[in-house]
Amino acid sequence: MAVSAARIDLAAIRSNVAALKQHVGDPAVMAVVKADGYGHGMVESARAALAGGATWLGVAMADEALALRAAGIDAPALAWLLGPSDDWSAVIAAQVDVGIYAGWALEKAVAAAGAADRPSRVHLKVDSGLGRGGVQPAAWHDLVEAAAKAQADGSVEVVGIWSHLAYADNPGHPTIEAQRHTFEDALDVAARAGLKPSVRHLANSAATLRLPQTHYDLVRPGVAVYGLSPGSEVGDARDLGLTPAMSLTSRVALTKRVPAGHGVSYGHRYTTRREATLALVPLGYADGVPRHLTNLGDVSINGRRYRISGTVCMDQFVVDVGDDAVAAGDDVVLFGNGASGVPTAEDWAAAIGTINYEIVSRVGARVPRIYEGAP
Ligand SMILES: *Cc1c(COP(=O)(O)O)cnc(C)c1O
């Protein structure tokens with residue numbers, strides 16, 4: 001068995017999705033499984049999310065959508081970030097819906113319908129204010145007219161109209177209502193052009209949890225599926241009924257006694273104050289332990305919390321465990337669900353000024369995923 005692993009609690013993913021579904025009521029839940037399921041494994045996470053009550057899957061890239069289908073997952077799925085050089089026909093042939101976030105993308109979808117010999121199922125995206133993907137309101141009417149014409153020709157089916165929020169994690173922010181109004185206007189324009197999308201969608205995790213006025217027909221939670229809070233203003237994961245699904249674990253590779261005043265790791269950014277035992281943990285920044293955690297991040301060894309001592313290297317880091325009885329082979333939990341005091345991805349993120357999303361999604365390909373809690 002591998003020394004280090006990301007242990008993925010599939011029961012937690014199922015129960016997180018069930019909690020989100022219960023929270024929203026009627027709207028459908030699209031579990032977002034892009035970026036290898038935020039590092040948790042895309043296919044396994046998708047299956048667990050479907051078992052928990054999600055009825056849609058969301059991904060960014062064409063290859064992600066095709067990998068879901070190759071694994072035999074045939075649930076409705078949306079891929080929202082196909083580029084000009086992607087194989088649109090392959091995605092349409094795989095019965096995956098595509099996000100249309102620019103005029104050229106509609107042309108790609110129309111052409112793909114011809115090649116795949118079926119209408120392309122599309123979700124038209126308006127930029128309601130995020131300033132990222134989506135068509136500006138000024139260009140929306142033209143996109144809608146072109147989509148209505150393509151639908152009349154039988155080359156596309158407009159399944160969805162959607163947008164994305166800039167400040168969902170800041171529930172009182174005025175841009176939320178402004179974006180919602182722009183979205184409503186976009187829906188009106190589409191209705192006047194005769195479009196009747198079956199799913200209108202706007203809500204990410206934060207909006208799913210805190211902004212019911214943004215739920216419409218479908219919500220798109222990502223990070224909450226994996227049991228993480230989308231932001232401190234949204235709430236604590238536990239209070240939100242979420243259980244973090246990933247634990248990053250390892251085993252001590254080596255321990256040794258060193259004298260007081262011994263420099264530790266590159267640049268000697270840590271020096272022992274007393275004679276001490278140093279424990280070496282065989283995971284580093286190539287595995288997703290941020291180098292910024294140098295002297296800032298905590299890990300748990302044998303159930304006790306310690307600070308990382310000195311520079312995090314590519315493959316390893318060191319922990320000064322003082323006079324504690326730590327030996328090679330002992331258990332290390334780098335982060336986990338917070339039970340019994342182990343650090344969380346949230347703790348790591350807070351220590352270095354980033355978000356928990358980045359901590360879990362950057363766990364490296366070298367770290368095997370071990371799945372627990374399968375039904
Ligand atoms: C990633 C993403 C989501 C999920 O966001 P979370 O904050 O993880 O819930 C939803 N919609 C779009 C368009 C996304 O890119």
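**Note on the predicted structure: strands, sheets and a cavity**

1. The model discussed here is predicted. In a regular strand, side chains alternate between the two faces of the sheet. Strand β14 covers residues 276-281 and is mostly covered, with six of its six residues buried.

2. The partners of β14 may be described next. Strand β11, residues 254-258, pairs with β14 in the antiparallel sense over five bridges. Within this pair, Val 258 stands opposite Ala 276 of β14. Strand β17, residues 317-320, also runs antiparallel to β14, and four bridges join the two. Here Ala 279 has Val 319 of β17 as its bridge partner.

3. A student may ask what holds the strands of a sheet together as pairs. Strands of a sheet pair through backbone hydrogen bonds, and the pairing is either parallel or antiparallel. Both β11 with β14 and β14 with β17 are examples of the antiparallel kind.

4. The model also contains a closed barrel of eight strands, which runs β2-β3-β4-β5-β6-β7-β8-β9 with parallel pairing. One of its pairs is formed by strand β3, residues 56-59, and strand β4, residues 77-79, which run parallel and are joined by three bridges. In β4, Ala 79 is the bridge partner of Val 59. Helix α8, residues 174-192, packs on this sheet and touches β7 (156-162) and β8 (199-203). The direction of helix α8 makes about 165° with that of β8.

5. Is Leu 57 buried or exposed? Its relative accessible area is 0%, and therefore Leu 57 is buried, the cut-off for that term being under 20%. When its neighbours within four places in sequence are left aside, Leu 57 is in contact with Met 30, Ala 31, Val 33, Ala 46, Leu 50, Leu 68, Ile 73, Ala 75, Pro 76, Ala 77 and Leu 78. The C-alpha atoms of Leu 57 and Ala 79 are separated by 8.7 Å, although the two residues are 22 residues apart along the chain.

6. A further sheet is open: six strands form it in the order β16-β15-β18-β10-β1-β19, and the pairing is mixed. Its edge strands are β16 (304-307) and β19 (369-372), each of which pairs on one side only. From one strand to the next, the twist averages 30°. Helix α1, residues 10-24, packs on this sheet, touching β1 (5-9) and β19, and its direction makes about 40° with that of β1.

7. Val 299 stands opposite Tyr 306 in β16.

8. How many cavities of 30 Å³ or more does the count give? The count comes to one. The largest cavity has a volume of about 40 Å³. Its lining consists of His 40, Tyr 226, Leu 228, Pro 244, Ala 245, Met 246, Phe 335, Gly 336, Thr 344, Ala 345 and Val 360. By class, the lining of the largest cavity has eight nonpolar residues, three polar residues and no charged residues.

How values were computed
Residues are numbered from 1 along each chain as its sequence is written. This is a predicted model: local features need pLDDT of at least 70, side-chain atom pairs count only at pLDDT 80 or more; totals for chains, interfaces and linings use all residues. Side-chain values use heavy atoms; hydrogens and water are left out. Two strands pair if DSSP finds at least two bridges between them. Axes are lines fitted to C-alpha atoms, for helices over the stretch in contact, and angles run from 0 to 180 degrees between N-to-C directions. Contact means heavy atoms within 4.5 Å. On a 1 Å grid over the protein atoms alone, a cavity is a set of points where a 1.4 Å probe fits but cannot get out, and a pocket is an open set with protein on both sides within 12 Å along at least five of seven lines; lining residues have an atom within 4 Å of a point. Grid points are joined across faces, edges and corners, and a volume is the space filled by probe spheres set on the points. Ala, Val, Leu, Ile, Met, Phe, Trp, Tyr, Cys and Pro count as nonpolar, Asp, Glu, Lys and Arg as charged, and the others, Gly among them, as polar. Buried means under 20% relative accessible area, exposed over 50%, partly exposed in between (1.4 Å probe, protein chains only).
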